[in-house]
Amino acid sequence: MKSRSREEEHRLAAYFRGEIARLATKPVRLMEVCGTHTVAIFKAGIRQLLPPEVELVSGPGCPVCVTPNGYLDTAVAFSRQADVIITTFGDMLRVPGSSSSLAAEQATGADIRIVYSPLDSLEIAAANPGKKVIFLAVGFETTAPTAAATVLAAEQAGLANFYVLSAHKLVPPALRALLTAGEVQVDGLLLPGHVSAIIGEEPYGFLAREYGVPAVITGFEPLDILGAVYLLVKRIAAGEAALDNEYRRVVPPAGNPAALAVLDKVYGEADAAWRGLGVIPASGLAVKAAYRRFDALAALPVTVEETKEHPGCRCGEVLRGVARPADCPLFGTACTPEKPVGSCMVSVEGTCAAWYKYGAGRWQV
Amino acid sequence: MKDERILLAHGSGGKLSHDLVARVMQPAFANPALDLMHDGARVEAAGAKLAFTTDSYVVKPLFFAGGDIGKLAVCGTVNDLAVSGATPLYLSAGFIIEEGFPVADLRRIVASMRAAAEEAGVSVVTGDTKVVEKGAVDGIYINTAGIGAVIAGTDISPLNARPGQDIILNGPIGDHAVAVMAGRHGLSLPASVASDCAPLAGMIKAVLAAVPQVAVLRDPTRGGLATTLNEIAAQAGVGIMVDEAAIPVRPEVQAVCDILGFDPLYLANEGKAIIFVESPYSEEVITVMRAHPYGREARVIGRVTPAPAGQVGLRTGIGGVRLLDMLVGDQLPRIC
Ligand code: SF4
């Protein structure tokens with residue numbers, strides 16, 4: 001992937017920059033949907049390479065960020081049950097729910113364990129037969145197949161004490177919701193490479209067909225992103241709406257059929273609540289009836305507190321691309337990565353965290 | 001913050017460490033030598049200009065590719081003296097050992113301390129040994145303190161950073177942290193990756209002898225290059241711009257970082273020095289460094305700028321510019 005020499009990279013980068021500057025004759029707003037893209041853009045200093053006409057806004061592509069308070073409240077409620085072990089990716093620990101967080105519960109004795117793969121949960125379940133092990137299944141199409149495979153592995157191993165609390169979400173329906181709402185004017189979309197490696201190209205076809213918005217599936221190297229911006233600016237200048245796949249080396253047009261098959265076996269589409277976007281039809285994944293005994297919500301009783309939002313936090317608007325982190329009065333003062341108030345500052349892929357860490361707009365040359 | 005507790009991140013060498021020292025230690029002990037917050041304090045005793053420093057070593061695992069806790073305990077303190085512009089002379093060594101610790105391991109550690117001390121030209125002239133109950137420490141902790149004689153005609157201080165100076169680094173970064181982490185997690189590494197742990201006193205002395213005009217010297221240990229540059233920028237009230245493409249990182253180290261989600265700019269080094277000098281002297285500094293085994297890959301990695309005061313910028317591989325902030329919290333392996 002890094003087979004180009006440094007000189008070639010520089011030449012290409014300079015070419016893309018020049019073309020973008022030449023073609024961007026009127027203001028355009030491009031949204032990078034994916035949190036990994038957001039971080040890559042800031043890390044490579046790409047914003048500073050673009051002419052003022054080209055604005056990059058971040059979208060709802062950080063799975064931790066879009067997980068709503070209600071889900072965290074449910075996880076917290078489960079974690080307070082004496083016979084429950086919660087397994088989760090580390091990012092979720094510090095995300096505040098309505099009145100608590102998993103980290104706070106852990107500090108007061110809840111058994112919450114960080115795993116690096118959902119499959120680790122199965123070992124924990126096998127080693128703790130007297131406990132119920134609940135995996136917090138959070139993520140987009142990228143991670144959902146592994147969670148599905150874990151359910152199948154649990155079934156095969158005959159584990160009766162493993163459950164998932166699903167907050168898996170699907171990217172295309174969220175894009176449709178954003179474009180339909182029309183709250184944020186988007187002229188082009190940078191689409192997530194990892195998600196696309198699973199689902200392929202077709203699920204994004206509606207963007208150009210129905211909404212007339214050009215979109216590019218792209219990778220995470222700085223040159224991938226700069227190249228994708230160039231492709232979008234070129235399409236926009238030509239008045240074309242099309243879907244381009246800049247990331248063919250990783251994203252086959254048909255995606256990954258094996259992963260999709262596993263996913264389809266265990267999960268079915270369901271309405272899902274997103275932080276900032278509300279409930280979006282068919283935008284989430286729910287465990288299918290045949291595997292209901294692995295679905296924590298269906299199989300285990302739990303009483304969840306009433307959901308409250310954090311006063312002042314503007315994560316919802318940030319996730320919809322209608323507010324920038326700097327528009328939030330708490331940004332950098334009451335809310336920092338050390339003491340995050342909202343999910344966008346908690347997650348390493350969150351927009352607020354990236355703005356803070358890489359000093360968006362803070363470096364003037 | 002009545003109930004505030006010490007977190008592991010308070011020891012990471014990043015922002016939280018700084019806040020802790022600034023809020024708790026500095027007010028308690030305030031004096032001119034301490035307030036400079038250099039790696040070693042400059043003091044005077046009976047007319048002699050001395051540098052004085054101390055550090056405790058709690059590394060896990062105790063033995064890693066390229067070194068062990070003993071070598072580290074000597075090199076770390078020697079380097080703190082060297083980057084204070086001093087010739088290291090005497091060390092103390094304090095050992096806190098867990099009951100049950102193998103004597104053979106202790107011998108190995110002490111032998112490597114001796115070898116490092118010999119190379120650095122210092123003597124361990126006093127020491128202390130305590131044994132504590134099983135579980136009270138993890139194997140062995142070592143504290144070393146050191147005294148050195150300030151090299152006449154030099155003036156090293158972070159406050160000397162001025163716009164227009166070049167910033168020179170003696171070689172690739174991140175090797176130490178990656179070697180230790182690999183040891184900790186049982187990862188196998190290519191043989192080319194080992195800790196850079198080394199006593200730098202000889203190389204630095206040669207540089208100062210040739211170019212006494214060197215203004216700032218630091219070793220980017222915990223918190224890495226990024227944090228050290230931020231400290232200097234903040235203390236001197238200058239801006240710093242470094243060039244990502246000029247900062248050497250071994251491809252093997254980068255590969256491990258990519259997998260674990262680490263940024264080499266924030267990783268600890270134990271054999272690296274950063275030198276700020278007016279640019280007409282850069283070439284000579286680099287020539288002297290390259291003549292030394294620990295400075296073969298010395299090069300200019302950036303410059304001091306007048307603004308924005310206190311901030312470090314990074315010119316990225318594809319030509320963008322972004323803030324290079326201090327490390328916030330601990331670097332954790334990324335999960336998803
Ligand atoms: S700065 Fe903090 S409180 Fe404000 S929107 Fe971002 S995460 Fe939410």
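Before we look at anything, a word on burial: buried means under 20% relative accessible area, exposed means over 50%, and partly exposed is in between, all with a 1.4 Å probe and protein chains only. Helices, H or I runs of at least four residues, and strands, E runs of at least two, come from DSSP and are numbered from the N terminus.

Hello everyone. This is a predicted model, in which local features need pLDDT of at least 70 and side-chain atom pairs count only at pLDDT 80 or more, while totals for chains, interfaces and linings use all residues. Residues are numbered from 1 along each chain as its sequence is written, chains are lettered from A and ligands numbered from 1 in the order in which they are written, and side-chain values use heavy atoms, with hydrogens and water left out.

Let's start with helix α12 of chain A, residues 257-266. Which residues of α12 are buried? They are Ala259(A), Leu263(A) and Val266(A). These three sit on the same side of α12(A) because they cover an arc of only 75° around the axis, where the arc is that of the directions from the helix axis to the C-beta atoms. Turn to the face of α12(A) that points away from the buried side, and you find the exposed residues Pro257(A) and Ala258(A).

Another helix in chain A is α8, residues 171-181. Its buried residues are Val171(A), Pro172(A), Pro173(A), Ala174(A), Leu175(A), Leu178(A) and Leu179(A). After α8(A) comes Gly182(A), with a positive phi near 65°.

Now for helix α1 of chain A, which covers residues 6-23 and holds Arg17(A). Arg17(A) is partly exposed, at a relative accessible area of 36%. Between Arg17(A) and Pro51(A) there are 34 residues of sequence separation, and 8.5 Å in space from C-alpha to C-alpha. Helix α1 of chain A also holds Arg11(A), and this arginine counts as exposed at 56% relative accessibility. Arg11(A) is 102 residues from Arg113(A) in sequence, and their C-alpha atoms are 47 Å apart.

Ala282(A) is not a glycine, yet has a positive phi of about 50°. You will find Ala282(A) in strand β11, residues 278-287 of chain A, and Ala282(A) is partly exposed at 28% relative accessible area.

So, the ligand. Where does the ligand sit? The ligand is in the largest cavity. A cavity here is a set of points, on a 1 Å grid over the protein atoms alone, where a 1.4 Å probe fits but cannot get out, and sitting in one takes more than half of the molecule's atoms within 2 Å of its grid points. Around the ligand, counting residues with a heavy atom within 4 Å of it, are several cysteines, including Cys313(A), Cys315(A), Cys328(A), Cys335(A), Cys344(A) and Cys352(A). Among the others are Arg314(A), Leu330(A), Phe331(A), Gly342(A) and Met345(A). The shell divides into 10 nonpolar residues, one polar and one charged. In that count Ala, Val, Leu, Ile, Met, Phe, Trp, Tyr, Cys and Pro are nonpolar, Asp, Glu, Lys and Arg are charged, and the others, Gly among them, are polar.

Chain B has some backbone details to check on your screens. Lys60(B) and Pro61(B) are joined by a cis peptide bond with omega about 0°, and Pro61(B) is in the loop between β2 (48-57) and β3 (63-64). Ala307(B) and Pro308(B) are joined by a cis peptide bond too, with omega about -5°; Pro308(B) is in the loop between β12 (299-305) and β13 (312-315).

Buried or exposed: which is Ala46(B)? Ala46(B) counts as exposed, at 91% relative accessibility. This residue has a positive phi of about 50° although it is not a glycine.

Notes: 1 Å grid on protein atoms, 1.4 Å probe; cavity = no way out; pocket = protein on both sides within 12 Å on 5 of 7 lines; lining within 4 Å.
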